[in-house]
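Have the viewer open as you read.

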Amino acid sequence: MHLTQVLQPQLCISLLQVARFLGIPKSRICRIEHWMHVLFVHRTDQGGQFISYRKFAAWSEACARTILSCTDLRLLEWLGHVIKSEVQRFAYPEDVLVYWRHLWQRRYRELQPQQSTA
């Protein structure tokens with residue numbers, strides 16, 4: 001499974017965000033289609049254009065929310081493997097990787113069962 005499949009339900013990328021990313025007025029965008037791995041933007045000035053979800057801050061934020069919403073260690077460990085596979089395929093800024101790693105480790109500590117002292 002790819003990270004896109006995990007995050008897609010949480011990705012909220014607005015028309016305004018897409019327009020700002022492209023450096024064009026919103027009026028030049030007819031519509032946006034959310035495809036499995038990319039956004040397909042229908043533009044009035046040049047037809048269609050593909051944009052990776054990974055280009056938006058919403059992608060990093062959705063990943064962070066997903067890490068923090070894990071309810072058990074097995075799910076968190078599985079998500080860690082999915083993220084690791086993702087970062088091996090795609091280049092991410094170091095600060096994003098450090099942030100995700102920090103959140104994952106924090107959530108891992110929170111979910112670990114309390115060690116009994118007997």
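This is a predicted model: local features need pLDDT of at least 70, side-chain atom pairs count only at pLDDT 80 or more; totals for chains, interfaces and linings use all residues.

Leu76, Leu79, Val82, Ile83 and Glu86 are the buried residues to look at in helix 4. These residues sit on the same side of helix 4, because they cover an arc of only 120 degrees around the axis.

What do the buried residues of helix 4 pack against? Their partners are helix 1 (3-7), helix 3 (57-68) and helix 5 (94-111).

As for its dimensions, helix 4 takes in residues 73-89, 17 residues in total. From first C-alpha to last it reaches 24 Å, close to the 24 Å expected at 1.5 Å a residue. At the start of helix 4, aspartate 72 puts a side-chain oxygen to within 3.1 Å of the backbone nitrogen of arginine 74.

## A histidine in strand 2

Now over to strand 2 (residues 38-43), where histidine 42 is found. Is histidine 42 buried or exposed? Its relative accessibility is 17%, so histidine 42 counts as buried; the cut-off for buried is under 20%. The side chain of histidine 42 also makes a polar contact with the side chain of glutamate 33, at 2.7 Å. Leaving aside residues up to four places away in sequence, histidine 42 touches Arg28, Ile29, Cys30, Arg31, Glu33, Gly47 and Gly48.

Here are the two atom-level approaches side by side:

| Pair | Atoms or groups | Distance |
|---|---|---|
| Aspartate 72 and arginine 74 | side-chain oxygen to backbone nitrogen | within 3.1 Å |
| Histidine 42 and glutamate 33 | side chain to side chain | 2.7 Å |

## The whole chain

Zooming out, the protein chain has five helices and three strands, and from the N terminus on they run α-α-β-β-β-α-α-α. The radius of gyration is 17 Å, well over the 13 Å that the globule rule gives for 118 residues, so the protein chain is more spread out than a compact globule. Along the principal axes, its C-alpha atoms fill a box of roughly 70 × 25 × 20 Å.

Of the 118 residues in the protein chain, 36% are buried. Among contacts with a separation of 6 or more, 54% come from residues 24 or more positions apart. The protein chain exposes about 7600 Å², with 53% of that supplied by carbon and sulfur atoms.

Notes: Residues are numbered from 1 along each chain as its sequence is written. Side-chain values use heavy atoms; hydrogens and water are left out. Helices (H or I, at least four residues) and strands (E, at least two) are DSSP runs, numbered from the N terminus. The expected span of a helix is 1.5 Å times one less than its number of residues. Buried means under 20% relative accessible area, exposed over 50%, partly exposed in between (1.4 Å probe, protein chains only). The arc is that of the directions from the helix axis to the C-beta atoms. Contact means heavy atoms within 4.5 Å. A polar contact is a pair of N or O atoms within 3.5 Å; within protein, one must be able to donate a hydrogen and the other to accept it, and residues adjacent in sequence count only if both atoms are side-chain atoms. The radius of gyration is taken over C-alpha atoms; the globule rule is 2.2 Å times the number of residues to the power 0.38. Accessible areas come from the Shrake-Rupley method with a 1.4 Å probe; for residues, only the protein chains shown count as cover.
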